[in-house]
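Try each task yourself, then read through the solution.

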Amino acid sequence: MAVALRSGRCFFLPVPLPRGLHLSGCCSRAMQPSPPPAARPESPGPAGWLGALRFDNRALRSLPLDASEENVPRQVPGACFSRVRPSPVQNPRLVAMSLPALALLGLQPAAAPEELEAEAEAALYFSGNRLLPGAEPAAHCYCGHQFGSFAGQLGDGAAMYLGEVLSPRGERWEIQLKGAGLTPYSRQADGRKVLRSSIREFLCSEAMFHLGIPTTRAGTCVTSDSKVVRDIFYDGNPKNERCTIVLRIASTFIRFGSFEIFKPTDEHTGRKGPSVNRNDIRIQMLNYVISTFYPEIQEAYSDNSIQRNAAFFREIMKRTARMVAEWQCVGFCHGVLNTDNMSIVGLTIDYGPFGFMDRYDPEHICNGSDNTGRYAYNKQPEICKWNLGKLAEALVPELPLEISELILKEDYDAEFERHYLQKMRKKLGLIHLELEEDDKLVSELLETMNLTGGDFTNTFRLLSSFSVDSDPLKLEDFLAKIAMQCASLEELKVAFRPQMDPRQLSLMLMLAQSNPQLFALIGTKANINKELERIEQYSKLQQLTAADLMERNKKHWKEWLQKYR
């Protein structure tokens, strides 16, 4: 049974809990207060359960540190990290921990008699109230293109690098506290996260890993009695919420935007990176990233930096293409695919307004502030390619743009399509024989889902029980099941409701005919075609009854299932 926390109480949900996921909120002892926080985090000596963690903070040795330790929002030129201190919280207590994620660091489950002490220790250190020996808290400086426009300096406004832990297996893992307080990159925010968003990040990080998708991990979720004010529904009714901290784990949290700190003044926004003209730092960053996270590339091209950097770009391009292909295959929408949210090692990173599709809708938008649909589900592959283009620009002059652009043009789409089709074949059980028409079969499946309002995940679950024999009774029984999980008539009417005023659409159509140049400035042919398709579907739905819809859906599915069989 899984556990959900709501208003300090626990509710059991009838879904299986992933093995190793431990939710402390289900017992009253988890809500007992830990020792009161010190005025500032301390390093009192080796901890008990966490005392085995060995730090080796290579990033801080390899990359330039901010000369100032003033912890106020400011521009940070000539540096990749700024030293910071976590802000203590009142009565930190453990909400959840992922034992598989913590095992990456070499931490084993505490024995039953020591379990309470281990939970209290995790709450104390992974809230930021105390620092582990060897930890060196720092905030990372980066920039980013947000919704297509260069935003200038951003940086870790609510996250703090604690250091890099060397595991017993020789692996290096960066650990980070998200929500631990102010940094020089907090801008107008307070550096805090709340319980609801932290639980979302914790659960989704671990879910994505267990779905086999490259991702950062979540080790613990710690809440507290400290409060911050948030307007939960953006309706002008702010409320106090609990400050909560997530321990995040990854090989690195360096991102595309880390290389954009050198960007000169942007012609559209007038903003620039804080380290313009510091190509020496760009070289340091490339040397660090490639030697640490792509050592095979460093070894193969140690005597030619251009070839080395090209090989690095080709590899991160492939990893990114495969990652977004994995997203598309499970109906995952990231929501904020800005360049500052793209991992330099190809991980899913920064879980904010993400979502998983229910009813299949290729234009599904999970982020309420994405008014133009820039980061819609069907646009994610192309946006990741666009972001790689911005990374390519950020690597100049160490990698000439003509080289990186050619790599992107020739390899990205092919890598995405290959991995996507390979994964979809597995989802459909097409593993013994690969046919050229498999791609068409997948496209027609998605079109059938779209026409019938099929649930993305439930459709695949049902297809796993589809019988390939030709018994008509079994087929009718299956059609009834798959039609039951399709959208209702009212839901489809809402989904296909026209979005433009008829008079506006008429004017746009006339303009497209009479003045194509002016039309190109205020609209696109694709948007008009989508609206016309919406009108056609909506008109058909208006003439249907619920029973008609059920029969129509069965007909669509029967046609596809015959091809699938």
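**Exercise 1: the cavity**

What volume does the largest cavity have? Keep in mind that you're working with a predicted model.

Solution. Start with a search of the whole structure, which turns up one cavity of 30 Å³ or more. Next, take its volume: the largest cavity comes to about 30 Å³. Then look at what surrounds the space: the lining is made by Phe81, His140, Asp156, Tyr161, Glu174, Gln176, Phe253 and Ile254. Sort that lining by class and you get four nonpolar, two polar and two charged residues.

**Exercise 2: the pocket**

Work out which element gives the most to the lining of the largest pocket.

Solution. Begin with the space itself, which has a volume of about 1,400 Å³. Count the lining next: 42 residues, with Lys178, Lys193, Tyr351, Gly352 and Pro353 lying nearest the centre. Now ask which elements give two or more residues; they are strand S12 (193-194), helix H4 (195-210) and strand S14 (239-250). Of the contributors, H4 gives the most, with five residues.

**Exercise 3: Asp350**

Is Asp350 buried or exposed? Once you've settled that, see which residue it pairs with.

Solution. Asp350 has a relative accessible area of 12%; because buried means under 20%, it counts as buried. Now for its backbone: phi is positive, about 65°, although Asp350 is not a glycine. On to the partner: Arg255 forms a salt bridge with Asp350, and the closest N and O atoms are 2.8 Å apart. Arg255 lies in the loop between S14 and helix H5 (279-293), while Asp350 is in the loop between S15 and S16, so the pair ties together parts 95 residues apart in sequence. Arg255 is buried too. Finally, widen the view: Lys178, Glu201, Arg248, Arg255 and Asp350 are linked in a network of salt bridges.

**Exercise 4: around the end of H8**

Find where the cis proline sits, then look at Leu395 in helix H8.

Solution. Take the peptide bond from Val396 to Pro397: it's cis, with omega near 10°. Pro397 belongs to the loop between helix H8 (380-395) and helix H9 (401-427). Now turn to Leu395, which is in H8 and is buried, with a relative accessible area of 0%.

**Exercise 5: a surface patch**

Which residues form a nonpolar patch on the surface?

Solution. Pick out Leu509, Leu532 and Ile535, which together have about 210 Å² of accessible area. Then zoom in on one of them: Leu532 lies in helix H16 (residues 525-542). Its relative accessible area is 36%, so Leu532 counts as partly exposed.

Terms used. Residues numbered from 1 in each chain as written. Predicted model: local features only at pLDDT ≥ 70, side-chain atom pairs only at ≥ 80, totals over all residues. Heavy atoms only, no water. Patch = residues over 30% accessible without salt bridge, like charges linked within 9 Å, V, L, I, M, F, W, Y side chains within 5 Å. Areas by Shrake-Rupley, 256 points an atom, 1.4 Å probe, with all protein chains shown as cover. Salt bridge = Lys/Arg side-chain N within 4 Å of Asp/Glu carboxyl O. Helix = DSSP H or I, 4+ residues; strand = E, 2+ residues; numbered from the N terminus. Buried < 20%, exposed > 50% of the residue type's maximum accessible area, 1.4 Å probe, protein only. 1 Å grid on protein atoms, 1.4 Å probe; cavity = no way out; pocket = protein on both sides within 12 Å on 5 of 7 lines; lining within 4 Å. Points joined across faces, edges and corners; volume = space filled by probe spheres on them. Nonpolar A, V, L, I, M, F, W, Y, C, P; charged D, E, K, R; others polar.
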